[in-house]
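I opened a new notebook page for this chain. The entries record what I looked up, in the order in which I turned to each topic.

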Amino acid sequence: MFDFFKRRRNKNREFDWSVLKKRSLPILILDERWHGIFKNIEKTREIIEKEEVLKELLKEEARLAFEKKEILARKKSCLDKIIKLTPEVFDNNNEQSKAEMEKCEKEINQINERVKSIEEEIENMPERIREANLELLKCTINSVYFKMRENQHRVKELEELIEKTRKQLAGYIDEKEGLMEYDNEIYAYFHDLLGGKELQKLDNQYFNKT
């Protein structure tokens with residue numbers, strides 16, 4: 001890990017944020033790997049705010065699409081009604097049917113205006129979502145890289161502790177082996193000197209062996 005970051009630092013180049021605009025990026029709040037970044041760190045207030053902006057844009061995009069579908073269905077109902085009213089209006093000169101037809105035509109005109117407005121909004125949504133997504137990515141990078149920098153310092157501390165502990169452990173192992181070797185030599189000496197039966201009595205007395 002450290003070699004990787006050292007190579008990046010040694011390039012002495014600032015990151016070009018415009019590069020992100022050239023890449024096809026996933027919608028971060030829909031990306032499981034993005035959420036995984038925050039398993040061990042908390043989101044900053046700025047990240048939460050940018051995340052909320054992106055959520056609202058996605059909701060707005062879905063709402064516009066639903067509204068368009070809904071009012072187009074209403075427009076079809078109006079057109080169907082006009083077709084049904086046509087004989088009464090033009091053949092029978094029915095005033096009530098005329099009023100209903102005019103009402104339908106007025107509603108269709110209103111729907112057409114709203115559909116045009118919705119389509120303009122929907123057309124702009126991908127760019128707005130992309131910009132909001134990029135802003136969230138920038139905040140994420142800034143936050144996460146600060147955390148990674150902290151992690152590097154901690155990893156270096158841990159490496160030093162591990163090396164120190166490794167040396168201490170090697171010393172403990174040498175001491176343990178030395179003590180065991182000494183005890184075995186003494187035990188063997190007294191076994192030869194006193195015999196196994198008497199040595200067992202000493203074991204029982206000094207080591208509480210049964």
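The entries below go from the overall fold to salt bridges and surface patches.

**Basis.** I worked from a predicted model, in which local features need pLDDT of at least 70, side-chain atom pairs count only at pLDDT 80 or more, and totals for chains, interfaces and linings use all residues. I number residues from 1 along each chain as its sequence is written, and side-chain values use heavy atoms, with hydrogens and water left out.

**Fold.** I looked up the secondary structure and noted 5 helices and 0 strands, which run α-α-α-α-α from the N terminus. Helices (H or I, at least four residues) and strands (E, at least two) are DSSP runs, numbered from the N terminus.

**Overall dimensions.** Along the principal axes, the C-alpha trace spans about 135 × 55 × 25 Å.

**Burial.** I found that 19% of the 210 residues count as buried. Buried means under 20% relative accessible area, exposed over 50%, and partly exposed in between (1.4 Å probe, protein chains only). Leu134, in helix α4, is buried at 4% relative accessibility.

**Salt bridges.** A search of the whole structure gave me 17 salt bridges, each defined as a side-chain nitrogen of Lys or Arg within 4 Å of a carboxyl oxygen of Asp or Glu.

- Arg74 and Glu107 form a salt bridge with the closest N and O atoms 2.8 Å apart. The pair links distant parts of the chain, with Arg74 in helix α3 (residues 45-91) and Glu107 in helix α4, 33 residues apart. Arg74 is partly exposed at 38%, as is Glu107 at 23%.
- Glu95 and Lys98 meet at 3.7 Å, N to O. They are separated by about one helical turn because they are 3 residues apart in helix α4. Glu95 is exposed at 53%, whereas Lys98 is partly exposed at 27%.
- Arg130 and Glu131 pair with the closest N and O atoms 3.8 Å apart. Arg130 is partly exposed at 32%, and Glu131 is partly exposed at 27%.

I then noted a network in which salt bridges with shared partners join Glu60, Arg63, Glu67, Arg114 and Glu121.

**Surface patches.** Which residues gather in a patch of negative charge on the surface? I found Asp174, Glu177, Glu181 and Glu185 there. Patch residues have over 30% relative accessible area and no salt bridge; like charges are joined within 9 Å, and nonpolar side chains (Val, Leu, Ile, Met, Phe, Trp, Tyr) within 5 Å. Asp and Glu count as negative, and the charge is placed at CG of Asp or CD of Glu. Asp174 lies in helix α4 (residues 95-194) and is exposed at 54%.

I also recorded a nonpolar patch with about 930 Å² of accessible area together, its members including Tyr182, Ile186, Phe190 and Tyr206. Accessible areas come from the Shrake-Rupley method with a 1.4 Å probe. Helices α4 and α5 (196-207) each supply at least two residues, and α4 gives the most, with 6. Ile186 belongs to helix α4 and is partly exposed at 33%.
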